[in-house]
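I'm keeping these notes as I click through the model.

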Amino acid sequence: MKVPSSIVPYIQVAPLALILLVFFGIPLVTVVVVSFFDYVNFQTVPAFMLYNYEEVFTSGLTITLYLTMLKYSVIVWLITLFIGFNVAYFLVFHVQSLLWKIFLFLVCTVPFWTSNIIRMISWIPVLGRNGLVNQMLISLGLIDEPLDFLLFSDFSVIVAYVHLFTLFMVVTLFNSMARIDPAILEAAVDAGASRWQVITQIVIPLTKTGIALGSIFVVTLVMGDFFVVKIMSGGQSSSAVYAMWNEISMLQYPSAAASAVILLIVVVLMVVAILRVVDVRKELSG
Amino acid sequence: MKPHKNSKHASGLNRRKVLKGAAATAGLAVGSGAVTGFPMVWAQALKDITIHHVGAPYSAIIDIANQANKDLPFKIEMQALAHDALRNRLVTQPKTVDIADTEYFFLRQLIPRGDVLQPVDLDKFKYWDQVVPIFTKGEYPDGRKVSRQGVLPYEVQYLGGADAKSFHDGPTKWASGIPMIYNADTLGIRPDLVKREIHNWSELLNPEFKGKTAILDVPEIGIMDAAMAIESRGDLKYADKGNMTREEIDKTIAILIDAKKSGQFRAFWSTFDESVNLMASGEVVIQSMWSPAVAAVRSRGIPCYYAPLKEGYRAWASSMSLMKHLDGIRLEAAYDYLNWYHSGWEGAFIARQGYYSAVPETAKKFMSEDEWGYWYEGKPAKGDIIDPYGNVMEKAGAVRDGGTFWERMGNVACWNTVMDESRYMTRKWNEFVAA
Amino acid sequence: MAQYRKRSWTFYVLATFFILFVLFLYGPMLAIYILSFQGPTGGLTFPLNGVSLHWFGALFEQQRTGDFAGSFTRSILLAFLVMICTVTFSVMAGLAFRRRFFGSTAIFYMAVASLVMPGLFLSLGIGLIFRVIDVPTNWYVSALGAQLTWTLPFGLLIMFAVLSRFNRSYEEAARDLGATNRQTLQYIVLPILFPGLIAVALFGFTLSYDEFPRTLLTVGPGNTLPLEIYAMTTTVTSPALYALGTVTTVVSFAAIILSLGSIAIIQWRRGGRFRK
């Protein structure tokens, strides 16, 4: 039962492509169409108008939201990359037993099986004005007044993002590093390379696929964030998606759809930029 | 034994027998508490019917469904969804819902669509003459008119006919929905940290509490609370806080942004827990709050007060509506459910959480005298006040904040709303939150 | 390998780093664990009002806490379905992408866009499709589809990391020796990819179990756990939420230790060769 090899990729990719076509493609088309519709008397009315886009582009809100989200993306990306790289490196090159590797990896995953909402609420007793951190710092005599910036601030938002998204970096980097043949590193060390050289000249170049993919995950997750910003900033700032949700919850579909289309374009462009730096597909067929 | 349990059993059992009788005796008119009566052929089919009630988490409570399933011959399934999700569900997937349990103001968006709801035939609803006049007439019992700022339920209560897509001014036999639970909201305060009496909404913006106040981050409700505070401080006078003009929205948001930038607000909360945690942890000492949240703070031994204010309350009410697709025996079952719902058990259940029933007279039958005295009449509790789950909520001697039912519901300044400029308002609110 | 990494100082530095990371992950969880032992009158924040197992009991009652049992079952089943689909379909697709074929770029960018698409709209859109074809939404079709648009791109991209510089000569050698496609897959490709598969499976499961916006309007008449929790947070909630977190963690650890432990024992009996 041999299948001609030129057809094989099509068969392999078919289920994924079909699911995405139906469950993503159709909603996408709907959103694009609705983004040109009108909204009259609390109802979405078929029309072709650019007003929804005009509103998004002329509103100061758009700039504020995107700049904030962009700022968070960059900071969170740098931190998660640093943590993810070191954690993955430890797991791949320092932990010898496969079982231990899997165990430690799972240890990192378990917190994710408790609901996001609960985990975010749990930061409040830790970072709050009378929270654990402030109490500890006061009792150590390091500060006199509780630090307000710990909670409901940029700081707490970033802490929560890092908490939630580092795993995505760890997973991709882990898998990428695991493909490096340890013999190469050994050879380099034998040839007199320093640890730093091994990392910068061998490990990083060979894991760039993982770095790129992890970055894609983190950036898209932050940009598409729904309520982390909302809860961790105590509602003091908002995300693009949350602003959209306020519109959707009042059934103002056309304006929300226009924002969604713009968000989609912006984030896809960011991904394209990452892929410009590292062509993950080239690595694949190489 | 808790007092309310006894009363529940007494009338509950009675009712159940009557219901079973009704299902068996075809078409026979039975006495009070009975169902409309089904033709013989339906009695069997009734068992297989499921009525899907989708509502907000504070009204779609599983215990109510469980009790309904004991009392009624068919099955009630309940699903709790937050308001935002609920609205979208009703509009985009109407057939997945049988009973829509939403806030009144949303009817203003739903009825004109014409494809989501069907009106309730009031001839089939037994308790209409006992529903509080706020809903049926837009008046208090003494004839005073209820505030029409925001969406007063009465304004969206009646329809002109079975297929009407607009509201009717004045009673007809067609209702957009049956009122279920409602309450009057105000500011919650921490008396131990505020250290003085609070009488006005303006205190929310008082620099004395800088960095220790919070408001609710649901645009259409948050802006009303803000407007109450702004009007109370004397900055602005609104024609209708519940239906602002663009200019009023602009001014309100500008004041809010100023306050936010000066550090007045510690947080904008959107979930019940956030409001409880903010208050209990002392992050915030004065904020807009919901009644059960105040109770939740207090149940931890932390003082919290639901302050009655001079300017009055912001009130809200939920309605129970029939979805368009219901017909035949399922429609009859839905009517039966509406009648069961208002026959008292549910009213007593939610009263113990601090909410009011649209038909207080029936709820009274399922409450002990002490409970009725505490929750509705503002009397000091003689014994401990127990919540619906058997926990002590208030110790003997406690008095409900704000007093009697009419002291609270009789002093409503405005109602939860959807504005004509809703789209503009949402955008401006988003700007405020992001500022 | 052993020589290159002989417990050098970097090992201790990185091990410390790793431990700190784990502490960071579990730190706020600790509050959850402690608070789940609240007394019956306790709330969601410190201080503890007495110590009890009350809220663990409450998990199994269908009362006040919402429909935990029902939504939890639904979520677990859904997460398993999503996991199986994600592993199968993204591994297949990952293998396909090792060559450029006509349309591969389009499919790749469709996957990227699907990852980026705001979930709420996806949810609305799918709800609308089901309305048009007049099929009621439910968790095992519409919600499954909605979640897959999110987990499949993840799975696919992780496969890219797993398969990068995967030496195709093994496969070719097997084929030259007369192995069928299936045999090659079963005996050559999958064993090599195994750790990657675990990663994809874990991701599929975790992403689904915690998914919110895509499920919100596609789930039909029964809530999944995150929806139930979200609904509950808008009304009176209880430390039962925390008890659930504690139980989840304990059960996960028990499962992990049991399964890994038994693998370890089996391998040790076979001759102690589980070191790489």
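**Chain C, overall.** I started with chain C and counted 11 helices and 0 strands. For the record, helices are DSSP runs of H or I with at least four residues, strands are runs of E with at least two, and both are numbered from the N terminus. Read from the N terminus on, the elements of chain C go α-α-α-α-α-α-α-α-α-α-α.

**Ground rules.** This is a predicted model, where local features need pLDDT of at least 70 and side-chain atom pairs count only at pLDDT 80 or more, while totals for chains, interfaces and linings use all residues. Residues are numbered from 1 along each chain as its sequence is written, and chains are lettered from A and ligands numbered from 1 in the order in which they are written.

**Confidence.** I looked up the scores next: ipTM is 0.88 and pTM is 0.86. Chain C has a mean pLDDT (the predictor's confidence in each residue, from 0 to 100) of 82, and 89% of its residues reach 70 or more. Over residues 1-5 of chain C the pLDDT stays under 50, and the model has 8 contacts beyond four places in sequence for that stretch. A contact here means two residues whose C-beta atoms, placed from the backbone, lie within 7 Å.

**Chain C, inside.** I checked burial: of its 276 residues, 49% count as buried. The cut-offs are 20 or more other C-beta atoms within 10 Å of a residue's own for buried, 12 or fewer for exposed, and partly exposed in between, with C-beta atoms placed from the backbone. Among chain C contacts with a separation of 6 or more, 75% join residues 24 or more positions apart. The chain is split into domain 1 (1-65 + 238-276) and domain 2 (68-233), with bounds from an automatic or database domain assignment. I get 26 Å between the centres of these two domains of chain C, taken over C-alpha atoms.

**Chain A, overall.** Chain A has 15 helices and 2 strands. Its C-alpha atoms fill a box of roughly 75 × 75 × 30 Å along the principal axes. Buried residues make up 49% of its 286 residues. For contacts with a separation of 6 or more in chain A, 69% come from residues 24 or more positions apart.

**Helix H13 of chain A.** Is this helix buried or exposed? All of it is buried: 10 of the 10 residues of H13 (residues 240-249) of chain A, so the helix is largely enclosed by the rest of the structure. The buried residues include A:Tyr242, A:Trp245, A:Asn246 and A:Glu247. After H13(A) comes A:Leu251, in the loop between H13 and helix H14 (253-277) of chain A. I noted its positive phi of about 65°, although A:Leu251 is not a glycine. A:Leu251 is buried, with 24 other C-beta atoms within 10 Å.

**Another positive phi, in chain B.** B:Lys195 has phi near 65°, and it is a residue other than glycine. I found B:Lys195 in the loop between helix H7 (191-194) and strand E9 (213-216) of chain B. B:Lys195 is exposed, with 8 other C-beta atoms within 10 Å.

**A sheet in chain B.** I traced an open sheet of 3 strands in the order E5-E7-E6 (chain B), with antiparallel pairing. Strand E5 (120-121) and strand E6 (158-159) of chain B are at the edges with a single partner strand each, so one side of each has no neighbour in the sheet. E5(B) pairs with strand E7 (residues 174-175) of chain B over 2 bridges, where pairing takes at least two bridges found by DSSP. B:Asp121 has B:Trp174 in E7(B) as its bridge partner.
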